[in-house]
There are 2 protein chains.
Amino acid sequence: MGEKKGVLIVVSGFSGAGKGTLMKCLTEKYENYALSISATTRSPRPGEEEGREYFFRTTEEFEKMIAEDQLIEYARYVNNYYGTPKQYVLECLEKGKDVLLEIEIQGALKVKEKYPDALLLFVTPPDAGELKKRLVSRGTETAEVIASRLMRASEEAQGMDCYDYLVINDDLQACVEEVHRIIRSEHCRMGRNREFVVRIQSELEMNK
Amino acid sequence: MGEKKGVLIVVSGFSGAGKGTLMKCLTEKYENYALSISATTRSPRPGEEEGREYFFRTTEEFEKMIAEDQLIEYARYVNNYYGTPKQYVLECLEKGKDVLLEIEIQGALKVKEKYPDALLLFVTPPDAGELKKRLVSRGTETAEVIASRLMRASEEAQGMDCYDYLVINDDLQACVEEVHRIIRSEHCRMGRNREFVVRIQSELEMNK
């Protein structure tokens, strides 16, 4: 059947939905995943390592990457650039790895536009009350930050319809399995099996 | 979230692909499935029971069902009608059951037209050689019948692209799991979770 390419998966969701933990568990439990690493111009925080959390770049370097079309998508927040370097993602896909990108909705839509085969997953807690509870129980955020995250969540919720799948993160392990199932199933999509179809069509033609 | 409706699944594939066994295993192993039973005007064969293999109907009765729009799809082969009664299927879907229809490609396309949410699965052996081997090893078919089935398979292969998923039936148990996975994932499709989306959008709106 030839080597099959991996699936490009975009994971978005409300802050507090548990995307980070979900993706960590997924990549630890199963071998077929690669996590895309973003590039950014913001300074490393204590404990962050080059090439692990982010590729840290100067504004000049980042703008060169933009100019040379080396990014799948990028955005600017609060005077810093954030983006997804193309090369690593495409290499992983070629090797048959399923590549996970964690990006917000605007970036997700840009990825879908450039790569219509990308699978868009939206992760959400079971309800808004639970979302609020999770944000509060972190204990690290001020009431103001929590309010602004909930405000942001309300805006983001308007874009949920653009996603292919809805993943309700109630129980983490069940959620990991669900996402894994969705991605495995995606490999069976007819459009991803063109080679197989062409081969069996011609075999049957010769058999006539 | 309210009661979720079931998924309507159309299973097609080459004669010899093992669709029947696959669906039998699936419904025996998991409780969420209902098998649609076709109506036909052909006579019962020894061992066949009314309401188990088929609903046996007179031509007059069948044509009344057509006239009264009681069939999801129907076709005529060799002077006999075959069709899918609508009521049973819709009742099962309402109850949240995932309903399996085994029909050939023309019928599958008619179902998709009427029910765009229907999930179309195409089951195939790993290659044409294996298909031939399976048809021969049944030992019940004449060389002529085998040749005509292979001829038919070659025609059917031309329509594979219309299906949503390709299911390669190499190992039966693996295949049962794969189909089950595809159908479970389908429940997470954004379009099938409209109620949830509307609810969380309004909850977040109130939270602002």
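Which strands and which helix of chain A are included in what covers the buried residues of α1(A)? In this predicted model, the cover includes the strands β1 (8–13), β2 (33–35), β7 (98–102) and β8 (119–124), together with the helix α7 (172–186), of chain A. The buried residues in question are A:K19, A:L22, A:M23 and A:L26, which belong to helix α1, spanning residues 19–29 of chain A. Because these residues cover an arc of only 95° around the axis, they are placed on the same side of α1(A). The other side of α1(A) carries the exposed residues A:G20, A:E28 and A:K29.

In chain B, an open sheet of five strands is found in the order β2-β7-β1-β8-β9, and its pairing is parallel. Its edges are formed by β2 (33–35) and β9 (165–168) of chain B, each of which pairs on one side only. On average, and with direction ignored, neighbouring strands of this sheet are turned by 30° against each other. Within the sheet, strand β1 (residues 8–13) of chain B is joined to strand β7 (residues 98–102) of chain B by four bridges in the parallel sense, and the residue that stands opposite B:V99 of β7(B) is B:L8. Helix α3(B) lies across β1, β2 and β7 of chain B, and its course runs at about 150° to β7(B).

A further open sheet of chain B has four strands in the order β4-β3-β6-β5, and here the pairing is mixed. The edge positions are taken by β4 (54–56) and β5 of chain B, each pairing on one side only, and the twist from one strand to the next averages 25°. Helix α3, which comprises residues 86–94 of chain B, packs on this sheet and touches β5 and β6 of chain B, with its direction making about 25° with that of β6(B).

The pairings of β6(B) can be followed residue by residue. Towards strand β3 (residues 38–40) of chain B, strand β6 (residues 80–85) of chain B runs antiparallel and is joined by two bridges, with B:A39 standing opposite B:G83 of β6(B). Towards strand β5 (residues 71–77) of chain B, the pairing of β6(B) is likewise antiparallel and extends over five bridges. In β6(B), B:P85 has B:L71 standing opposite, while B:N80 has B:Y77 standing opposite. The hairpin of β5(B) and β6(B) has two residues between the strands, and B:V78 takes a positive phi near 45° in this hairpin.

Technical notes: Residues are numbered from 1 along each chain as its sequence is written. Chains are lettered from A and ligands numbered from 1 in the order in which they are written. This is a predicted model: local features need pLDDT of at least 70, side-chain atom pairs count only at pLDDT 80 or more; totals for chains, interfaces and linings use all residues. Two strands pair if DSSP finds at least two bridges between them. Axes are lines fitted to C-alpha atoms, for helices over the stretch in contact, and angles run from 0 to 180 degrees between N-to-C directions. Two residues are in contact if their C-beta atoms, placed from the backbone, lie within 7 Å. A residue is buried if 20 or more other C-beta atoms lie within 10 Å of its own, exposed if 12 or fewer, and partly exposed in between; C-beta atoms are placed from the backbone. The arc is that of the directions from the helix axis to the C-beta atoms.
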